[in-house]
Each structure stands twice: as C-alpha cells, then as structure tokens.
Amino acid sequence: MSAAENAHLVHRFYKALEEGAYATVTDMVHDDFVFYGQIDTPRPGAEGFLAAEKRNVEAFAGISMTVERTVADDDQVGAYVIVEGDQTGEFNGIPPAGSHMRFSMFNLFTFQDGKIIEKRAHYNTLDIINQLKR
C-alpha cells in the first residue's frame, strides 16, 4: 500500500473505534500486531488492545476521535488526534460524574502487508484524570 492509502486506513481505524466497530478494527490489524501504550510496554495482539480501548471508548458518551493531521512516509503514519467526550462510565477507577474530557494524542502506526502491525500512542493520562476530577 502507498503512504496515502496507509493514512486513509488510520482515518478509518479511528472512525471504527469511535463507532464501537471492534470487528472492523480487528480486520485492520496484522496478526502480529503490537500496541505500545507507553514507550517500552508492548501489548501484543489485537484482543488486549481492543479490551483496553473498549473500556475507554465506552466510558465516554458520544466520544469523538478526530484525526486533525497525518504525516505519512512509506510504511509509517503519524497521526495527531483530538479525543473528546462526556464521562458516563468508570475510567481508570474514577466513577462517572458527567465530566467533559478533551485531550490530544500522537500515534505512530507501522504497516505491513496492508495492515497495522504496530501502534505507539503518546498522551498525558494525568491531564485526562485531572479533567475528570474537577
């Protein structure tokens, strides 16, 4: 796939997460997929990644994951994403209080055989927690 096609797949990936279309996300990732939520903490396989994402997505009503910008080069795509929603479920041990959450994250995707084989996420969890505790 071309760099542009990979960037398009990243947009589809976030739209599927936003819609809770987890089977679609599973189809987008390689059998050898690895997620890094922190720089040196690998989570191999789509199942573990999706279990965590499902908890996060379902904790916020009307969650939006807007890809503001992508930068694509060969088999990698960087994506700057704005995530926003109102807390209606527990998040990281914080009970729902209807708080609004908005944060940005940067993700680096690597592709192999037309699928996402690696996703590295960088965001500030403390910022999210502070928003929910207000």
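D113 counts as exposed, at 63% relative accessibility (exposed means over 50% relative accessible area, buried under 20% and partly exposed in between, using a 1.4 Å probe and protein chains only). Before going on, keep in mind that this is a predicted model: local features need pLDDT of at least 70, side-chain atom pairs count only at pLDDT 80 or more, and totals for chains, interfaces and linings use all residues. Residues are numbered from 1 along each chain as its sequence is written, and side-chain values use heavy atoms, with hydrogens and water left out.

Back to D113, which has a positive phi of about 55 degrees despite not being a glycine. Most residues other than glycine have a negative phi. You'll find D113 in the loop between β5 (100-112) and β6 (115-122). D74 also isn't a glycine, and its phi is positive too, about 55 degrees. This residue sits in the loop between β3 (60-73) and β4 (76-87), and D74 is exposed, with a relative accessible area of 57%.

Now zoom out. The chain has four helices and six strands, and from the N terminus they run α-α-β-β-α-β-β-β-β-α. These are DSSP runs, numbered from the N terminus: H or I of at least four residues for helices, E of at least two for strands.

How does the overall size look? With 134 residues, a compact globule would have a radius of gyration near 14 Å, and the chain's 15 Å agrees with that; the radius is taken over C-alpha atoms, and the globule rule is 2.2 Å times the number of residues to the power 0.38. Along the principal axes, the C-alpha atoms fill a box of roughly 45 × 30 × 25 Å. Of the contacts with a separation of 6 or more, 57% are between residues 24 or more positions apart (contact means heavy atoms within 4.5 Å).

Inside, 43% of the 134 residues are buried. In soluble globular proteins, nonpolar side chains tend to be buried together. Here the largest nonpolar core has 38 residues, and F13, Y14 and L17 touch the most other members. Helix α1 (residues 3-19) supplies the largest share of this core, seven residues. Such a core is a set of buried Ala, Val, Leu, Ile, Met, Phe, Trp, Tyr and Cys residues joined through side-chain atoms within 4.5 Å. Leaving aside neighbours within four places in sequence, L17 is in contact with Y22, V25, F49, L50, E53, V57 and M65.
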